[in-house]
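Welcome, and thanks for taking a look at this one with me. Let us walk through some local features together.

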Amino acid sequence: MTEVTTSGATPINEPTDEASRSNFIRDIIDEHNRTGRFGGRVHTRFPPEPNGYLHIGHAKAILVNVSMAEIYGGKMNLRFDDTNPVKEEQEYVDGILYDMRWLGADWEDRLFFASDYFDQLYDWAVQLIKAGKAYVDHLSSDEIREYRGTLTQPGKDSPYRNRPVEENLKLFEQMKNGEFKEGECVLRAKIDMASPNLNLRDPVMYRIRHASHHRTGDKWCIYPMYDWAHGQSDSIEGITHSLCSLEYEDHRPLYDWYLDQLGIFHPQQIEFARLNLNYTVMSKRKLIRLVQEGHVRGWDDPRMPTITGMRRRGYTPEAIRLFCDMIGIAKSNSTVDIGMLEYCVRQDLNKRAPRRMAVLRPLKVVLTNYPEGQVEELEAVNNPEDPAAGTRTVPFSRVLYIEQDDFMENPAPKYYRLAPGREVRLRYGYFIKCEEVVKDGQGNIVELRCTYDPATRGGEAPDGRKVKATIHWVSADHAAEAEVRLYDHLFSVPNPGEDENVDFTGQINPNSMEVLSSVRVEPSLAQAQPGERYQFERIGYFAADPDSTDGRPVFNRTVTLKDEWAKLQKKG
């Protein structure tokens, strides 16, 4: 099991403390600049595969590449690794572009595709064949796997390994011309079948795919493997520092071998720890299963760790950047507690989200001594963290709704909210006192009859008496009806899929989404626009969902507020 951490090594963004400004990537770049290896240039790139949507792990990789370029006054490219037409779609290209812009990444005019270089990659493959460094192999994929050997056993040569150069050139051209079926043959590099690094045991460079490509159409029926396209694309673009996640560390010798054999510009590959987050999965294969098997509503389901899902849930780019900055850049893998991500979005939304009142599970309150037909407009603060946000007015009347949890007929110790004979403060309003509890035939509480003290408007009593609790409310006659979706962790275990013998979909949290359809919100929320974020006072942060309709908004819970009573209940 990987270690769970709540703090990272070094901030991604430019540190303010000179003593803490270094990290191992910057140390390498600083050394390159000192020796003049790249002439003082820093040029990074982010190379997503257009076969799915970006997730929070990609966000870290994006921001690492962006920040290194910014810190050294360099550049960053965006290059799509579109080398597998079977899995790639324009939808994913468009989604990735949108997500990266939303995060604040700027590649200026440097948008590229690996498919831009297919002709050059083919020519370089021919160059290796002519040099006796590549060959066409007719072993099946299972046979290639068998011949490769294991970590403790060396591989063995393919019977096709020592074909003459001219025969390999002819076969490779036939592959390109579509004269072979898929799986009938591949092009492999000729390196070392006894290498302790399995990646150097004659890796596949090209495979046959009779599939239309989203950009090149039917021009090609052979497509380069990632390891073949990766370093050469970096070289073509003049990338100086190819920043990758740690799983590519064992691939670096192959990255270097290809570049050295071709004798072309040689970037430096540097690996850093990928982001792992508990209570979720980051594997694209697993995320695709969640979508295709209907465990979630789509790539933008607010329970997903995708950027589009997090945006729909109410996360801000600033919160994600703060999170990536806090976890820092490390060389060893660890798992970050999802509580840190939630902390970051709370920190950000606390400063920017307007406050509103919403009652999720309404309980009717009748103020028996409040004049019938009277309506007051009470002044409410929009955001106490931002004086410039000003105030708004909320209607107050004889019949209100409060939260069911804000009343307890037989209050437990340390429960200070409304109870029979007890007085509480209504937020921005008056003191009220519960005088009578009304129940239905099944004994369920359906209404509270209370009195209010007209002298306590604004929340203070002239006689100096104090109350121990303030609760929120909405006016029954003025409130808008809304739907609220309460989201929790998608998985019920911290490390889903850790046990390979257990299907990770069986670890999905059955309570990861709760839909409340009879919520009452203050009237200003009736026309909330999709993407607008609010703090529902005393409850949490919420974002208006695209499913909202005119007059009936839908809100997604982004994250809860800290609830002292819930903490006491857990302790008790």
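## Cysteines

Is Cys434 buried or exposed? With a relative accessible area of 1%, Cys434 is buried; here buried means under 20% relative accessible area, exposed over 50%, and partly exposed in between (1.4 Å probe, protein chains only). Before going on, please note that this is a predicted model, in which local features need pLDDT of at least 70 and side-chain atom pairs count only at pLDDT 80 or more, while totals for chains, interfaces and linings use all residues. Residues are numbered from 1 along each chain as its sequence is written, and side-chain values use heavy atoms, with hydrogens and water left out.

How many disulfides does the structure hold? The count is zero, a disulfide being a pair of cysteine sulfur atoms within 2.5 Å. For Cys434, the closest cysteine sulfur is in Cys450, and at 4.6 Å it is too far for a bond. Cys244 counts as buried, at 5% relative accessibility.

His241 belongs to strand β9, residues 241-245. Helices (H or I, at least four residues) and strands (E, at least two) are DSSP runs, numbered from the N terminus. His241 is buried, since its relative accessibility is 0%. Leaving out residues up to four places away in sequence, its contacts (heavy atoms within 4.5 Å) include Ile29, His32, Phe38, Gln268 and Ile270.

## Helix α9

Now for helix α9, residues 284-292, where Lys284, Lys286, Leu287 and Leu290 are buried. These residues sit on the same side of α9, because they cover an arc of only 160° around the axis, the arc being that of the directions from the helix axis to the C-beta atoms. An α-helix has 3.6 residues a turn, so residues three or four places apart point the same way.

The face turned away from the buried side of α9 carries the exposed residues Arg285 and Gln292. Helix α2 (56-71) is included in what covers the buried residues of α9. Just after α9, Gly294 takes a positive phi of about 80°.

## Salt bridges

A salt bridge is a side-chain nitrogen of Lys or Arg within 4 Å of a carboxyl oxygen of Asp or Glu, and by this rule the count comes to 43. One of them pairs Arg215 with Asp116, at 2.9 Å from N to O. This pair links distant parts of the chain, 99 residues apart: Arg215 is in the loop between β7 (204-208) and β8 (222-224), and Asp116 in the loop between β4 (111-113) and α4 (118-130). Arg215 is partly exposed at 40% relative accessibility, and Asp116 is partly exposed at 36%.

Another salt bridge joins Asp406 and Arg417, at 3.2 Å from N to O. Both lie in the loop between β18 (399-403) and β19 (423-426), so the pair ties together parts that are eleven residues apart in sequence. Asp406 is buried with a relative accessible area of 2%, and Arg417 counts as buried at 14%. Salt bridges that share partners also join Asp300, Arg312, Glu483, Arg485, Asp545 and Asp547 into one network.

## Strand β25

Strand β25 (residues 513-521) contains Ser518, which is partly exposed at 40% relative accessibility. Apart from neighbours within four places in sequence, Ser518 is in contact with Leu360, Pro362 and Ala482.
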